[in-house]
Amino acid sequence: MRFLIVGAGAIGGYFGGLLVQKGEDVTFFVRPSKKSQLAEVGLIVRSVHGDFQTPIRAITNGEAADPFDCIIISVKAYHLPQLQFDLEPYIGDHTMILPLLNGYEHFDFLRKQFGSEKVLGGLCYIETTLDHDGSVVQTSPFHRIVFGEWNGVHSERTQLLLNHLDHAGFTVARSHDIQREVWQKYIFVASLSAITTLMDASVGTILATAESRAIYEKLLHEIVTLAHNAGMPIDSEMEAHTLKTMESLRPEMMSSMQRDMLKKLPIEASHLHGSLLALAATSNTVYPILETVYARLKVYESLLDTV
Ligand SMILES: NC(=O)C1=CN([C@@H]2O[C@H](COP(=O)(O)OP(=O)(O)OC[C@H]3O[C@@H](n4cnc5c(N)ncnc54)[C@H](OP(=O)(O)O)[C@@H]3O)[C@@H](O)[C@H]2O)C=CC1
Ligand SMILES: CC(C)(CO)C(=O)C(=O)O
């Protein structure tokens, strides 16, 4: 199976690098400066599961290549509009597109751009970031991809994809309820990135401090209620499940949004928290903590624009 990994950043570099190590046929789609860096030193991963450094094959926009069997999208949501035309030459009749981004809105965008039948449901659980030298740093034990057909069918193509993603050193699962999985992850990451950026602290401190834990629990309840009221595939267990997941994290755990803010980088505020609030726009219910979080993130963005 020929893979194209779009973006050799924190998640693309990690999962793509492990697929290269396994011996899969992998090409990365990167921008020119990243291509030069990768040509010089290769892809460097420093992980709690073991470090490695490997040469990789990379192409940039406009370079010729036959259509790929699976295109893994691992850029930030705000990168997607720029990519909409760049990827077309690499998409053939049988190409599967597997997005690993956080959130929900991007699925619509990708379906409209490339055709519904091409786009799988997908997500990942991993804590990873790029170091100042471009190497990937992965810090928590979990490193999991979940994917599946949007309609839940276990198809031949997803079985083939599972075979190729399996045994690469990360965990992978094919789901027959990927829409629910996407929302479970969305609720987790929206609440985690919200509370860590609002409190400017890591998970352990937030949960150990009665006042911030109480705010987190209210915020989580708001997000679950909002998504449920908007008709999303939310079940009654998701709130308790998310809280349990939060409690199981290592205390030093940070969200990727929080890491990006520490590095003064752009963030996915509109894509994650803005999109949630947009779902509630036509209802009369208010979500005060989520609204506060979003305002705080927009202030960060406006200050970023001025530097
Ligand atoms: N980091 C994490 O722990 C997790 C992140 N996620 C989600 O995964 C997604 C990706 O996040 P993450 O990996 O952290 O992001 P990064 O910013 O680390 O990586 C994104 C990469 O995309 C590249 N890119 C952007 N535009 C283009 C383009 N036009 N052509 C080629 N490459 C491009 C960037 O390249 P360049 O170097 O040139 O800027 C960058 O290396 C987000 O939706 C995030 O929320 C999900 C789970 C965990
Ligand atoms: C919560 C986490 C680390 C889990 O994958 C994540 O997705 C993020 O911070 O972007």
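This is a predicted model: local features need pLDDT of at least 70, side-chain atom pairs count only at pLDDT 80 or more; totals for chains, interfaces and linings use all residues.
Residues are numbered from 1 along each chain as its sequence is written, while chains are lettered from A and ligands numbered from 1 in the order in which they are written. Local features need a pLDDT of at least 70 and side-chain atom pairs count only at pLDDT 80 or more, whereas totals for chains, interfaces and linings use all residues.

The protein is divided into domain 1 (2–176) and domain 2 (181–306), the bounds of which come from an automatic or database domain assignment. Taken over C-alpha atoms, the centres of domain 1 and domain 2 are separated by 25 Å. Between them, 16 residues of domain 1 are in contact with 14 residues of domain 2, two residues being in contact if their C-beta atoms, placed from the backbone, lie within 7 Å. On the side of domain 1 that touches domain 2, β8 and β9 (136–148) each supply at least two residues, and the largest share, 5 residues, comes from β8. Helices and strands are DSSP runs numbered from the N terminus, helices being H or I with at least four residues and strands being E with at least two.

In a UniProt record, an unreviewed entry, residues 177–301 are listed as "domain: Ketopantoate reductase C-terminal"; positions from UniProt are given in the numbering used here, feature names are shortened, and annotations may be inferred rather than shown by experiment. Over residues 177–301 the chain is 73% helix and 0% strand, with the end C-alpha atoms 35 Å apart.

Helix α6 (residues 178–199) has 22 residues and reaches 31 Å from its first C-alpha to its last, close to the 32 Å expected at 1.5 Å a residue, where the expected span is 1.5 Å times one less than the number of residues. Of the 22 residues of α6, 17 are buried, and the helix is thus mostly covered; a residue is buried if 20 or more other C-beta atoms lie within 10 Å of its own, exposed if 12 or fewer, and partly exposed in between, with C-beta atoms placed from the backbone. Aspartate 200, which follows α6, has a positive phi near 55°. In helix α4 (residues 105–114), the buried residues are Glu105, His106, Phe107 and Leu110, and they pack against α3, β7 (91–99) and α11 (269–279).

Ligand 1 is surrounded by 28 residues, of which the closest are Gly7, Gly9, Ala10, Leu101 and Asn102; a residue is near a molecule or strand if its C-beta atom, placed from the backbone, lies within 6 Å of it. At least two residues of this shell come from each of α1 (10–22), α3 (80–83) and β8 (121–130), and β8 gives the most, with 6 residues. The shell around ligand 1 divides into 13 nonpolar, 10 polar and 5 charged residues, where Ala, Val, Leu, Ile, Met, Phe, Trp, Tyr, Cys and Pro count as nonpolar, Asp, Glu, Lys and Arg as charged, and the others, Gly among them, as polar.

The residues around ligand 2 include Asn102, Tyr125, Val189 and Ser255. The shell around ligand 2 draws at least three residues from each of domain 1 and domain 2, and β8 and α6 each supply at least two of its residues.
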